[in-house]
Amino acid sequence: MLNDSVIAWLKIILGVNSIEFTPINGGANNLGIRVTSGKHSWFLKSFNTQSPNVKYKQLNEFLFSQEVYRNSLTATAKPIAINLEENVSLFAYIEGKKVEKACKNAVLQAILFFQNINHQVPPPHLNIASESPSTLSEFSNIVNNRLKKLETVAIKSEQLSADYHKALTLIRQRQDKLTCNLAQHWQQEQQRSVLSPSDFGFHNAIKATSGYYFIDFEYAGLDTPWKVFADFFSQPAVPVDLTFALEFLKLEQFRLLKENPEDTLKVFELTQLKWCLIMLNEFLPEVQARRVHSWNISCFNEQQKMLHTAQLMQLKKCYNYFESIPNKVIKLDKLLRDLK
């Protein structure tokens with residue numbers, strides 16, 4: 001599972017002579033390992049070397065984790081050490097469980113986490129968050145770029161291919177309708193004025209006895225409030241009810257969203273289309289390679305069976321999510337009108 005040089009590095013970093021390793025299931029892209037020595041435990045994240053820009057993402061996560069830990073203390077795992085040569089990072093181990101539901105207390109702690117990491121002007125040395133739009137029109141460009149990439153995928157199964165391309169067609173038609181007559185100000189530069197985990201949501205959180213911890217900052221950095229808000233209320237793994245949007249909109253960082261409800265609705269819907277496409281990443285060869293790495297399964301036939309099952313499941317999720325979009329937009333529209 002780990003080579004001798006990684007084990008030797010860990011022993012030096014931790015100052016121990018003996019170590020035990022336990023794989024942690026559940027990661028989609030990278031391999032998580034619990035490192036134990038005596039009564040003490042740590043979390044080792046092994047990055048998939050086949051992932052694009054793996055060293056950039058590894059270093060970006062570690063630097064952002066250091067910044068977050070300084071500002072929010074117990075809201076994230078303490079970063080301990082990084083080894084770029086071996087593609088591993090070491091963090092404090094958090095005893096807890098996955099978040100199954102975004103209850104009110106969880107959302108309030110997420111808001112507090114966001115406030116804590118944004119209580120001062122974001123440091124300029126941090127990177128720009130992944131897919132952070134420099135203009136509002138780039139929310140549409142992000143959808144378009146993902147569509148183009150997914151449209152090139154070849155699928156052997158005729159029925160699966162037909163269902164897959166039908167989903168892409170529906171998404172493109174909806175995108176075209178949303179963006180056929182964009183206002184001129186959609187081309188204006190937007191300030192990346194906040195720090196964001198980028199992939200901000202409870203799918204990247206751990207529920208411990210002391211509260212909620214937020215993790216996985218590979219794509220984090222300087223971001224726009226538009227993207228933070230839209231992503232948080234669009235991510236599908238642990239959905240957040242839109243009634244909690246009012247708590248976010250009370251914050252000064254989201255003032256523009258409250259003052260420009262039509263733009264907010266359009267950005268929100270485009271972001272949901274993006275998430276529809278993210279669900280179809282299982283069809284991309286490079287994503288399949290990351291899944292295999294995180295599963296830690298050596299049998300090729302078993303790998304292919306799991307990949308096919310994942311594709312069917314994600315395609316179904318995509319259709320269901322797409323059908324739910326209109327009702328969510330209507331709900332957010334009502335909330336924004338009630339704020340006036």
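Analyst: Helices (H or I, at least four residues) and strands (E, at least two) are DSSP runs, numbered from the N terminus, and contact means heavy atoms within 4.5 Å. This is a predicted model, in which local features need pLDDT of at least 70 and side-chain atom pairs count only at pLDDT 80 or more, while totals for chains, interfaces and linings use all residues. Residues are numbered from 1 along each chain as its sequence is written, and side-chain values use heavy atoms, with hydrogens and water left out.

User: What covers the buried residues of helix 3?

Analyst: The cover includes helix 2 (54-72), helix 6 (225-232) and helix 7 (245-249), together with strand 7 (194-196) and strand 9 (211-214). The buried residues of helix 3 are Ala106, Val107, Ala110, Ile111, Phe113, Phe114 and Ile117.

User: Why are these residues said to line one face of helix 3?

Analyst: Viewed down the axis of helix 3, the buried residues fall within an arc of 155°, so they line one face. The arc is taken from the directions from the helix axis to the C-beta atoms.

User: Why does valine 88 count as buried?

Analyst: Buried means under 20% relative accessible area, exposed over 50%, and partly exposed in between (1.4 Å probe, protein chains only). Valine 88 has 1% relative accessibility, and therefore counts as buried. Valine 88 lies in strand 5 (residues 88-92). Leaving aside residues up to four places away in sequence, valine 88 touches Val6, Trp9, Leu44, Lys45, Ser46, Gln58, Ile82 and Asn83.

User: What makes helix 4 and helix 5 roughly antiparallel?

Analyst: Angles under 35 degrees count as roughly parallel, over 145 as roughly antiparallel, 65 to 115 as roughly perpendicular and the rest as oblique. Helix 4 (residues 138-151) and helix 5 (residues 158-179) pack at about 155°, with axes 11 Å apart. The two helices are therefore roughly antiparallel to each other. Residues making this contact include Val143 and Leu147 of helix 4 and Leu168 and Ile171 of helix 5.

Key: Axes are lines fitted to C-alpha atoms, for helices over the stretch in contact, and angles run from 0 to 180 degrees between N-to-C directions.
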